[in-house]
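Here are a few notes to read alongside the model.

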Amino acid sequence: MHISSALIVGGGIGGLTAGIALRRKGIPVEIIERDPDWSVYGVGIIQQLNVVRAMDQIGALKDFLSRSQGFDSTTIFAGPEGKQVAKFDTPRLAGPEYPSNVGIRRTELQKVLANKAAEVGAKVRLGLTVATMTEDGDGVDVTFSDGTAGRYDVVIGADGLFSQTRRTIFPDAPKPRYTGQWVWRYNLPRVPELDGIHVFAGPCNAGLVPMSADLMYMFLVTQEAENFKQPVAGAAEAMRTRAARMAPPQVAAQLVHMTDDAGVVGRPMEVILLEGEWHKGRVVLLGDAVHAATPHQGQGAGMAIEDALVLADELDAADTLEAAFTAYRTRRWPRVEQVAKTSLMIGDAQMGKIPPVDVGALTAKTLALVAQPI
Ligand SMILES: Cc1cc2nc3c(=O)[nH]c(=O)nc-3n(C[C@H](O)[C@H](O)[C@H](O)COP(=O)(O)OP(=O)(O)OC[C@H]3O[C@@H](n4cnc5c(N)ncnc54)[C@H](O)[C@@H]3O)c2cc1C
């Protein structure tokens, strides 16, 4: 199908990947991003095997690996003594010479994607959003918050959890929901024994993730009241206090380094999963705008990135937009549903809302699914 113009709303992980993937199919692309500074917080993100493969597919693997720390193994420790209970390697999907997974700072991931988007000719405009969107049979007329306007064959809403595009096309869709947990993250000097991701399971739910030869980050999952807020002042002490409860020695040893309030990034876990269609007319959604999961499986960004690749494939292959959007959603649903529902289940079990679950078996099932070709 010939597409002469695509507008992508949101210059985050999914929107940038969509811009790259569409340009690689020869489609002219404009990305708009609301944040004039295009800022991203500097903590880390786990990018698993399917993301490493995806970075290869968009031609960004070398840059991605040069800015991140690769690893193959995941080690699980349990209980207050931090006893190792499992260790496994995941496959190297991009080829035997490349690592299976990486840890990377979000700022570096954004540079990888923004550089590639610029290289392939995606136009990015910062500090604006959609004011109005009017669709007729042949296209979508869009006016922007800076007074400019444009007409597009396709509009892609990649504007995250609180998507304005979703609210516009599906005003009755469910709203994002707080699950009851927060994730706290803090960058730390890397410890020599960190050969991959180390996960500490209950009663302190935490993890250590390498991001470079000398940097790692700690994540900590806690249960917080619905209206809980953490101001910057006192954030380091708040994270230390929570981590110290029943901390295994590997976590406890790090607390002394957690002194900078501004270095703490704490966020509530909020979710949404659109079970129905992901498009209306010429407007389609991807990433957190349709399926924001809790980070228990480390796959939220991976799902947004894969959405972008599959959407570009289907737009290229199908004869009509309707067929492309339907095929896109059909291909994406099994793994998006697995990630969203499994992540939620693990969090609910951590909070005692449901009986304990076998996290190892659930994670193995997710990893086997996302290792399949997209
Ligand atoms: C605490 C936490 C930890 C996480 N850890 C991991 C992890 O380790 N691994 C992993 O894979 N995933 C993780 N995730 C999930 C991951 O961050 C998201 O799934 C991913 O960022 C989704 O990408 P996206 O492009 O859909 O949305 P976003 O990254 O949210 O990007 C949306 C973009 O749209 C812009 N925007 C919003 N509204 C508008 C508008 N109206 N107009 C224009 N622009 C707009 C925003 O400014 C933003 O740049 C985590 C999430 C959280 C909350």
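This is a predicted model: local features need pLDDT of at least 70, side-chain atom pairs count only at pLDDT 80 or more; totals for chains, interfaces and linings use all residues.

1. The ligand is surrounded by 31 residues, and the closest are Gly14, Glu33, Thr129, Gln164 and Asp288.

2. In Glu33, a side-chain N or O atom is 2.6 Å from an oxygen atom of the ligand. For Asp288 the corresponding distance to a ligand oxygen is 2.8 Å, and for Arg106 it is 2.9 Å. On its own the ligand has 1,000 Å² of accessible area, and the protein covers 85% of that.

3. Which elements give two or more residues to the shell around the ligand? They are the helices α1 (13-24) and α9 (300-317), together with the strands β2 (29-33), β3 (44-47) and β13 (177-189). The largest share comes from α9, with four residues.

4. As for the make-up of the shell, you will find 14 polar residues, 11 nonpolar and six charged.

5. Now please turn to the open sheet of three strands, ordered β9-β10-β11 and paired antiparallel. Its edge strands, β9 (130-135) and β11 (149-152), each pair on one side only. From one strand to the next, the twist averages 20°.

6. Within that sheet, the β9 pairing can be followed residue by residue. Strand β10 covers residues 140-144 and is joined to β9 by five bridges, the two running antiparallel.

How values were computed:
Residues are numbered from 1 along each chain as its sequence is written. Side-chain values use heavy atoms; hydrogens and water are left out. Two strands pair if DSSP finds at least two bridges between them. Axes are lines fitted to C-alpha atoms, for helices over the stretch in contact, and angles run from 0 to 180 degrees between N-to-C directions. A residue is near a molecule or strand if one of its heavy atoms lies within 4 Å of it. A polar contact is a pair of N or O atoms within 3.5 Å; within protein, one must be able to donate a hydrogen and the other to accept it, and residues adjacent in sequence count only if both atoms are side-chain atoms. Accessible areas come from the Shrake-Rupley method with a 1.4 Å probe; for residues, only the protein chains shown count as cover. Ala, Val, Leu, Ile, Met, Phe, Trp, Tyr, Cys and Pro count as nonpolar, Asp, Glu, Lys and Arg as charged, and the others, Gly among them, as polar.
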